[in-house]
Each structure stands twice: as structure tokens, then as C-alpha cells.
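Subject: Structure handover

Hello,

Here is the structure I promised to pass on. Please open it next to this message; my notes follow below.

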Amino acid sequence: MIQFQALAQTYGTPLYVYDFDAMKEQFEALKVAFRGRKSILAYAVKANSNLSVIKHFAAQGSGADCVSIGEVRRALTAGVPKYRVIFSGVGKRDDEIREAIEHDILYINVESEGELGRVETIAKELNVKARISIRVNPNIDPKTHPYISTGLHDNKFGVEIDAAKRMYIHAKNSENLDAVGIHFHIGSQLTDLEPIYEAAVIVADLLRSLQAIDIELKFFDIGGGLGVRYDNETTITPYDYAQAILGALKGIDVTIICEPGRFLTANAGYFLTKVLYEKQNGTKRFVVVDGAMNDLIRPSLYNAYHRIEAIGKTSDMTPVDVVGPVCESGDFLAKNYPLPAMEHNDLLVVHSAGAYGFGMGSNYNTRGRCAEIAVENGEARIIRARETFDDLIALEREYL
Ligand code: LLP
């Protein structure tokens, strides 16, 4: 049991708390599902990019899936071996491509024909062969929130099958490209296995047709996307997930790469916030808390549900909007959420906040970002200090 009250007292609120033991269990569960097959779990750094979190997964043998050169640097800084680092993303700058090649990471995941050209040119300038993979857009509806759906032609991600084929043929004939993998990722928070299986079948078929023309790839990268329970969703088990992928791949000898983010961190994270006031506008009840959309934007951005626990409160529950101090009507952590009567300084714990929580935070309204705490083997330690006003203005000029 995490001592939320004590942590709030020691470190103040708003606060992110991560259960490192729970993260480890999730990693193990996925690793076991792919046991007996050549596989790499490459943690999707964007889900929670704190260096200590990345280091924690690296210590368990994780690789890293990165979407900016900043994330690549984080992964390498945290100790992820370069041969397990992948660089994906729909728009990479030349300097990012150059640096990734210089770091000699596992591969760059290419998302357009234009980008393939840039990678080739830069590799030529550096006089090397750049390892690449191509992100295929299989045009499958993943049945998740439209903002986190990525595998339809309507989405900006990846290239269609025919373009991918052309790109692999181009790479085969290039002095400066070494195509080693194939990649797809159809969306996030997936709770339905069928679309994942369908996408895997389409991409595996492409892999077979490439083999037929003598293009051999080593890595089959299935992206991330495994959903978690925020409320009472039925989720996909790691076993069923792995079996579906292996089913699609039958007969093909490749290393499977999986890029889980949310699955590893979401339910291991908690966002702690204190009540400032209760108030009533007409018949509408509000609880105003010290945490806001700049700390945890998922409710505002996706209307996402996060379970909220009122620590030590037992009175009758009535629906309330839990809102923050930011000057936006869209600043809420929950709407019409059943909570007991709250008083100044009562503690609320927002669950499932370990993925896309802190990382999507901002300094809007000149609010410093929260501290982050790791709890491991019953011990708490600070892994990122609370931002101060001085931190916030450090890069500004001409004000004196
Ligand atoms: N690999 C690729 C290429 C991705 O684009 C993503 C996530 C992942 C792996 C990790 O997906 P996961 O296993 O975490 O589902 N901010 C949104 C989620 C955005 C996901 C973006 N891509 C949210 O808060 O729900």
C-alpha cells in the first residue's frame, strides 16, 4: 500500500507518484508472453520519459522507442544500449536523422518516401549505411479514441503497402540504406484484439512478399497500443496479444519488437492533488483542487476517465466537477464524478496517471511542473524536483 497521505505531506501537492514495483510486474508479464521467441520490448519513452523510469526498464532489459532526438538522448543517458534504441516519428529534422545515425541506434523508423530520401542523403554524407525500418499504415480501424488512432489512411502516420514495397526495393539498391525491419502501430489504448491481428496479418503478408523478392528483414515491429483498465474496460491479456501476433507470423523467423508505453506505466502512476475549496454555483457542485490541466491534460483533451479516490472520506457521494485553478473552462480532472463532501486540504488521488501524465504537462498559467516520486520496495525517493519560479523564467531575456 502506498502511503499517499504521508507522501503528500512530505513532498507537497500536486504530485506524481510512481509504483516502480508495479511497473516491473507489467514488464515481466509482457516479457513472459513472448518467451521462447526472439523479441525485444522497447519501452515507448513518450508515455513517461523520466530518466529514472527509463533506467528502471533498461535494468530489466528493455529497449526504447523514441519519437524525437531528445527522447533518443534520454534513452541513451538512462543506459538503454544503443542496439535497442529505435527512432520513430512522422517528421524528423535533418539534424535529428544525422544524430540518430551517428549514435548507431538499432534503426530509424521511416514514415514517408521523402524521409527515406533524406535518410539516404545524410547517410551518404556520413559515408555509412543507415539501418532503417518502414512504418506501414495498414488502414485498419483500431476502434479507439480518434486522437490516438494512427493506423488509418486518414491518419498522418506511415505509408501504404505499395509505397512501402517501393521503398524497400529502393533501399535494397541503395549503397547507404540497410532495411532491417518493418513496423506498424495502429493506435493506443486498444482493447480489441481483432484489429491488431488484422494489421499483423497484412504486414506479415507484406513481409512474405518481400521475402519472395529477396528482401529479408530481421525485425517485425508491432508498435505499442495495448490498452489498460481506467474504469471497467475489458483489456487484452499479454498472452492473447502475443498469440495473435505469433499466429499472424506463422512460419516467419523474425525478432518481434513491441513498443509498450501505457501498459507498463499507466496504472503504476498516481496524481495527488489537494482540495482547495468546495463551492456551489446554483445547483452545480464544484471541488476546486490544486492540480490542473497543465499537470494532467488527459481529461481535458480526450475527455478521458481517471478514477478518483478521496482519501479517508466516507460520507455520501454526490456528483461533482473536479476542477483546477487554470483559467479555462476545459480545466477539469473529472465531470459529474461521485465524491463525498470535501474540505480544505483533503487529499484526492487520481489513478492511472503514470502514462501521458507528467510528460504532457506544461507551464501554462506560469505553473511549475510537479515533483515526481518513485516508490520501490516500500521506500520513496524523489526522481524529479518540483519546478520553481526561477526554473520557469530561466531562459527568458531582456526583463531586467
Ligand atoms: N509506438 C508508437 C509508434 C507510438 O506512436 C506509440 C504511442 C507507442 C508505441 C506507445 O503506445 P502505447 O503502448 O502507450 O499505447 N497521449 C495519448 C496517447 C498517445 C499515444 C501516441 N503513440 C493518451 O494520453 O492517451
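E387 is buried, at a relative accessible area of 15%. The cut-off for buried is under 20%. Its side chain meets that of R384 in a salt bridge, with N and O 3.1 Å apart. R384 is partly exposed, at 29% relative accessibility. Please keep in mind that this is a predicted model.

That pair is part of a longer list. Searching the whole structure gives 21 salt bridges. Here are some others to look up.

**R285 and E278.** The side chains of R285 and E278 form a salt bridge at 2.7 Å, N to O. Which side of the cut-off does R285 fall on, buried or exposed? R285 counts as buried, with 10% relative accessibility. E278 is partly exposed, and its relative accessible area is 29%.

**E28 and K31.** This salt bridge has its closest N and O atoms 3.7 Å apart. Both E28 and K31 sit in helix α2, which covers residues 20-33. They are three residues apart, about one turn of the helix. An α-helix has 3.6 residues a turn, so residues three or four places apart point the same way. Side chains of opposite charge can pair when their charged atoms come close. E28 is partly exposed, at 36% relative accessibility. K31 is partly exposed too, with a relative accessible area of 38%.

**K82, D104 and R131.** Salt bridges link K82, D104 and R131 in a network.

Now to helix α4.

This helix spans residues 69-77. Which of its residues are buried? They are I69, E71, V72 and A75. Looking down the axis of α4, these buried residues fall within an arc of 155°, so they line one face of the helix.

After α4 comes G79. The phi of G79 is positive, near 100°.

When you go through the model, you could begin with the buried residues E387 and R285. Each has a salt-bridge partner that is partly exposed: R384 for E387, and E278 for R285.

Best wishes

Notes:
Residues numbered from 1 in each chain as written. Predicted model: local features only at pLDDT ≥ 70, side-chain atom pairs only at ≥ 80, totals over all residues. Heavy atoms only, no water. Buried < 20%, exposed > 50% of the residue type's maximum accessible area, 1.4 Å probe, protein only. Helix = DSSP H or I, 4+ residues; strand = E, 2+ residues; numbered from the N terminus. Arc of directions from axis to C-beta. Salt bridge = Lys/Arg side-chain N within 4 Å of Asp/Glu carboxyl O.
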